[in-house]
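I am opening a notebook on a structure that is new to me, and I want to write down what I look up in the order in which I look.

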Amino acid sequence: MSILSGKRILLVIAGGIAAYKSLDLIRRLRERGASVHAVLTPAAQHFVTPLSVASLSGEKVHTELFSLTDEAEMGHIELSRDADLVVVAPATADLLAKLANGLADDLASTLLLATDKKVLAAPAMNLRMWLHPATRRNISRLREDGVEFTGPEEGEMACGEFGPGRMSEPLAIVAAAEKILAAGDTAIPLPPGVGVRPNAKKSALAGKRVIVTSGPTHEPIDPVRYIANRSSGKQGHAIAAAAARAGAEVILVSGPVNIPDVSGAKTVHVETAREMLDAVRAALPADIFISTAAVADWRVDHAAEDKVKKSGDAPPSLKLVENPDILATVSQLDARRPKLVVGFAAETTDLIAHAQQKLARKKCDLIVANDVSAASGVMGGAQNTVHIVEAGKVTDWPRLAKEEVAQRLVALCAERLAERKS
Ligand code: C5P
């Protein structure tokens, strides 16, 4: 498996003829399991369109520094920090000059100045521009600043000249990115004494224990087949990560997912709903329980020990029985009930009404209601539009990245927990 698996790449595409190769770069990064958020400079949009980049990356493409919609979804500072690595390809003479001099007059240059992650640049320009003393100066200054480079390669240029200036091939950029990520943490530390206010409050969940369930469950039919659902685990894992960042001791009980474990949380891997319930019980007591998992409602009564064979023309019939409801079980514990129990309601119709009924029926304290109809793109997607349903109160949140939903939810849980104590 590539080190890129599960990594978030912020790809800055500047305006050069090599921009067309960035489309292939996106494919190569995604093939290796990375997610790619792309930013296009105004000049880049003359070479590739935001639509083609969005189609290949499967994510929204950012082009404007002052975009109210983008800021509401994910601020530009957060966009620059959310990545594991920033890749600039093609890196034009102009963008490199801006970065070398700390200029920030558009989205791409602002992100490059604001990021706290390593930057990998793949320069591409005419050979005289590359050899110009100004560019030489900028490159050596950027190297001193810790920017990593791949290329440029020698070869024939689009303008007919021959020499150094061609952007590295996508696979060479991928290899350079893998090398940087393999070397360890790509975060650039701040000098001591800055970054966190000296008198800042203690982390909101310091000393608290939080259990989060995430992902689907798999309910076996026989040794090779199972019943499951489309949950990716992205939202639950993001919540576990946010709770860990808020200082909590986090136990993440995860069904089968294709995303990495959360650093800072203890992950318990399970397959079935019954295993998930056992793991949650074993992880108690806790201050907060957040039930994000899309638990299969039913399982096959007696899973076959051997593979069910096709016999005659009648397909086998499956007898389904109901799975335990983990959320309802935990909500109704006596002494061991966590102080705050949070559930999710994934619905395709009558979202709020169903969430309110669920809140009452399952006796939890808060329901995060989200529309998972196919049109919403929530299942497996990067964003979520949720409504917070509490007794007698509904709060609508805007469409947000799942990480941002997680952060806000964890902050809200910390608030509600504090209110319960006082
Ligand atoms: O009833 P429904 O499946 O829509 O409820 C969703 C909420 O209940 C989620 O928080 C989910 O994690 C939880 N749940 C559970 N055990 C089940 C079914 C759902 O914990 N068997």
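**Around the ligand**

I began with the shell around the ligand in this predicted model, and I noted that its residues divide into seven nonpolar, four polar and three charged. I then asked which residues of the shell are the closest to the ligand. Of the 14 residues that surround the ligand, the closest are Ser 291, Val 295, Ile 326, Leu 327 and Gly 343. Turning to the elements, I found that those giving two or more residues to this shell are α12, which spans 326-331, and β16, which spans 340-347. Strand β16 provides the largest share of the shell, with three residues.

**The protein as a whole**

I next stepped back to the overall layout, and I recorded 14 helices and 21 strands as the secondary structure of the protein. Along the principal axes, the C-alpha atoms fill a box of roughly 75 × 70 × 40 Å. I looked up the domain division as well: domain 1 covers 8-182, while domain 2 is made of 209-303 + 316-421. The C-alpha centres of domain 1 and domain 2 are 37 Å apart. Of the 422 residues in the protein, 43% are buried. Among the contacts with a separation of 6 or more, I noted that 71% join residues 24 or more positions apart.

**The nonpolar cores**

I wanted to know which residues have the most contacts inside the largest nonpolar core. This core has 60 residues, and the ones with the most contacts inside it are Val 210, Ile 239, Ala 240, Ala 243, Val 250 and Ile 367. Helix α10, residues 234-245, gives the most to this core, namely seven residues.

**A glycine in a strand**

My last entry concerns Gly 155, which is found in strand β6, residues 153-156. Is Gly 155 buried or exposed? I counted Gly 155 as exposed because 11 other C-beta atoms lie within 10 Å, and a residue with 12 or fewer is classed that way. I also checked Gly 155 against Gly 165, ten residues apart from it along the chain, and the C-alpha atoms of the two are separated by 7.6 Å.

Note on methods
Residues numbered from 1 in each chain as written. Predicted model: local features only at pLDDT ≥ 70, side-chain atom pairs only at ≥ 80, totals over all residues. Near = placed C-beta within 6 Å. Helix = DSSP H or I, 4+ residues; strand = E, 2+ residues; numbered from the N terminus. Nonpolar A, V, L, I, M, F, W, Y, C, P; charged D, E, K, R; others polar. Buried ≥ 20, exposed ≤ 12 C-beta atoms within 10 Å, placed from the backbone. Contact = placed C-beta atoms within 7 Å. Domains from an automatic or database assignment. Core = buried A, V, L, I, M, F, W, Y, C linked by C-beta atoms within 7 Å.
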